[in-house]
Amino acid sequence: MSVGLVVNPLAGIGGPAGLAGSDGAAVQREALRRGGRPRASSRAVEALRVLAAAHPGAEVLTAAGSMGEDAVREAGLVARVVYSPTSTSPDDTARAAAALHGAGATLVLFAGGDGTARDVARGLPSGVPVLGIPAGVKMYSGCFAVGPPAAGALAASWTGGALPTVEAEVLDLDEERMRAGRPDPRLFALVPVPSAPGRTQARKAATPASEREAVHRAATGAAARMLPGVRYLLGPGGTTAELGRVLGLDTTPLGVDVVEDGRLVARDVTADQALAAVDGRPAQAVVTVIGGQGFVLGRGNQQLSPRVVAALGPHPLLVVATEQKLIDLAGRPLLVDTGDPALDARLAGHLTVVTGPATASIYPVSAATAAPIEGDPECV
């Protein structure tokens, strides 16, 4: 059971830069100008090290250089290059995926986000199993592992022939429409994905129109808990956007805004700007729960970087969500995936989730890197 890997080296670079995505050369240049740093390769290495722990010296089929070879070698595995890209364009991603399949890969790992998932899917024949190492900004699709170690653990189990597959959706959206506040995820493909409980994420679920009053109640409850003299970072999402409306502020539905004492201090900040805004003062991040997935950090709010969250002190998060979002998780914990395993472990435990003006739930939260599944190598 051969594993292939393709890395989109610029995936996710627009998240900390406050660009709500990374698609397109112009966006990538602007992300770099704002201090964005690529992370897809390091996320791939994190996954591959778990695979290497189970299968030392294993061969991984891959693309040359930054599209996979570099990550495979850094993880201590053997890279067999089957595709040499002329660039790192979406077409190169699709051609690399096709080459991996043609060389015998029975599982195609990819590091990126929804756009990378779309490009991998169009490069493969129907029925070829894929698995995403989450390294993008949005990641609405259901074909991703919950974190890099989970992807590596699933790949290790796949190599041993021990995993079934389930059908998952590849979703993507037009980033220009999303930046204009009109996100509209579209179904692009259905792909088989190796499956094990707690290791793969669900697709993002939209908030139904019938929940609008519940969203307003939850936002009103969060507003009542905001304290004078505390600086708040309002993360993206429909519930936090409603909180902005409750406060009478013109906030960004897909960005991070800085609020203090009922006034908008800064709008649509980058990770570096957020850090400067909260450094050395009482502060919290206001985040919501991604419907269907349960993530509160690491999906669409990468402006709340590990350095920013660490600067917020011992109680960094004010979580707000409707009761229905929690019910729909069916007992699964909330998830954090900041990219810093030590910080994720510190955030794990239980959080208070504000659900209304006078209601809240104490809910478990887990690091996306935690708890290897039975039969997996130890995830470290």
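The following questions and answers walk through a predicted model of a protein chain.

User: How many helices and strands are there in the chain?
Analyst: The model is a predicted one, and its chain has 380 residues, of which 56% count as buried. Among the contacts with a separation of 6 or more, 67% join residues 24 or more positions apart. The elements of the chain number 13 helices and 16 strands.

User: Which strands stand at the edges of the open sheet of 5 strands?
Analyst: The strands of this open sheet follow the order E3-E2-E1-E4-E5, with parallel pairing. Each edge strand has a single partner strand, so one side of it is left without a neighbour in the sheet. Neighbouring strands are turned by 30° against each other on average, direction ignored. The strands at the edges are E3 (78–83) and E5 (130–134).

User: Which residue of E4 is the bridge partner of Leu5?
Analyst: Strand E1, residues 2–7, and strand E4, residues 105–112, pair in the parallel sense over 6 bridges. In E4, the bridge partner of Leu5 is Leu109.

User: What angle does the direction of helix H5 make with that of E4?
Analyst: Helix H4 (residues 90–102) lies across E1, E2, E3 and E4, and runs at about 115° to E3. Helix H5, made of residues 114–123, packs on the sheet as well, where it touches E1, E4 and E5. The direction of H5 makes with that of E4 an angle of about 155°.

User: How far apart are the end C-alpha atoms of helix H8?
Analyst: Helix H8 covers residues 212–225, which is 14 residues, and at 1.5 Å a residue it should span 20 Å. The distance in the model agrees with that expectation, because the end C-alpha atoms of H8 are apart by 20 Å.

User: Is Thr240 buried or exposed?
Analyst: Thr240 lies in helix H9, and its side chain reaches the backbone oxygen of Gly235 at 2.7 Å. Not counting residues up to four places away in sequence, Thr240 touches Leu234, Gly235, Val286, Val287, Thr288 and Val320. The relative accessibility of Thr240 is 2%, and buried means under 20%, so Thr240 counts as buried.

Terms used. Residues numbered from 1 in each chain as written. Predicted model: local features only at pLDDT ≥ 70, side-chain atom pairs only at ≥ 80, totals over all residues. Heavy atoms only, no water. Helix = DSSP H or I, 4+ residues; strand = E, 2+ residues; numbered from the N terminus. Expected span 1.5 Å × (residues − 1). Pairing = 2+ DSSP bridges. Axes fitted to C-alpha atoms, helices over the stretch in contact; angles between N-to-C directions. Contact = heavy atoms within 4.5 Å. Buried < 20%, exposed > 50% of the residue type's maximum accessible area, 1.4 Å probe, protein only. Polar contact = N/O pair within 3.5 Å; in protein donor to acceptor, adjacent residues only side chain to side chain.
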